[in-house]
Amino acid sequence: ASEMLLTRLSQDALMSLRMRLCRQILAAPLRHLEELGAHRLLTVLADDVPTITGTLVAFPLLCINIAVAISGLVYLGLLSWVMLLAVLGFMVIGIITYQLPVNRAMRVLRLAREEADNLYGHFRSLTLGTKELKLHHNRREAFITKVLQETATSLRRHNIAGMSVYTAAASWGQSLVFVVIGLVLFVLPSIEQTDTLALSGYTITLLYLMTPLQVIMNTVPTLGRASISLQSVEKIGLELAAKGSEGDAPAFAKSLPEFQSLELRGVTHVYRREG
């Protein structure tokens, strides 16, 4: 029942966020929408919004495992507060050494998000310019190899680099648990007289806590991607809001006089991006 309610919540949030963005897009001035580019709007609607709402499914599982981890630490403190201080010290070291590469992974995933914008732009060019590309073999090959493939390769490289850093950091965190277990079993008894029951309790509890800690660390990349997507959505939303709103287009009055011809004189057009 809880999973069904969670699925409904995530889908409701997905629809609500998409509809709000669609209303902002329709209310924004046309010139600003053209400056943003249709591919950026499409990336936000088709990629960023599902990424954000997808975290709703992972969030309850994250909270459960955090609760289990905290409860395990409380139990370790009841066994021996000295060993708990040692474990907390290593946890601080683990968090610091985990966060440093994660920050780098976030920067790489932001680059991947920018490349995703460009890739959606190329997809749009591909679908809208199919006839032109079919008519010109050299242009078609240049578009595929020099434009589309290079962007797709760059996106793949950034995604692999970012997720690999996350994986390495998570593996380091799991390895640190074994280091703590080794110190508790072999080093701590030589420093301080420790009860055998407390040692066995610490070992079993730390081994048990590896799964919740692994779930927590595996959820961090999902939250990181959602954070980047949320920033993109907020940026688009703020840009649309900053340009004001055109409101509803006025309906043409039925009493407008009829005319036989329409003539334009001295009309010119210049592409803004080409100066």
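A search of the whole predicted structure finds zero disulfides, a disulfide being a pair of cysteine sulfur atoms within 2.5 Å. Such a link is a covalent bond between the sulfur atoms of two cysteines. Cys 22 is partly exposed, at a relative accessible area of 30%. Cys 63 is also partly exposed, at 36%. Here, buried means under 20% relative accessible area, exposed means over 50%, and partly exposed lies in between (1.4 Å probe, protein chains only).

The model is a prediction in which local features need pLDDT of at least 70 and side-chain atom pairs count only at pLDDT 80 or more, while totals for chains, interfaces and linings use all residues. Residues are numbered from 1 along each chain as its sequence is written, and side-chain values use heavy atoms, with hydrogens and water left out.

The protein chain holds seven helices and zero strands. From the N terminus, its elements run α-α-α-α-α-α-α. Helices (H or I, at least four residues) and strands (E, at least two) are DSSP runs, numbered from the N terminus.

The radius of gyration of the protein chain is 28 Å, whereas a compact globule of 275 residues would have a value near 19 Å. This radius is taken over C-alpha atoms, and the globule rule is 2.2 Å times the number of residues to the power 0.38. The C-alpha atoms fill a box of roughly 105 × 50 × 35 Å along the principal axes.

Of the 275 residues in the protein chain, 32% are buried. The chain exposes about 18400 Å², and carbon and sulfur atoms supply 64% of that area. Accessible areas come from the Shrake-Rupley method with a 1.4 Å probe; for residues, only the protein chains shown count as cover.

Ser 229 lies in helix H7 (residues 196-242). Ser 229 is buried, at 5% relative accessibility. Leaving aside residues up to four places away in sequence, Ser 229 touches Asp 48, Thr 51 and Ile 52. Ile 191 belongs to helix H6 (residues 137-191). Ile 191 is exposed, at 66% relative accessibility. Between Ile 191 and Tyr 75 there are 116 residues of sequence separation and a C-alpha to C-alpha distance of 22 Å.

Definitions and conventions
Contact means heavy atoms within 4.5 Å.
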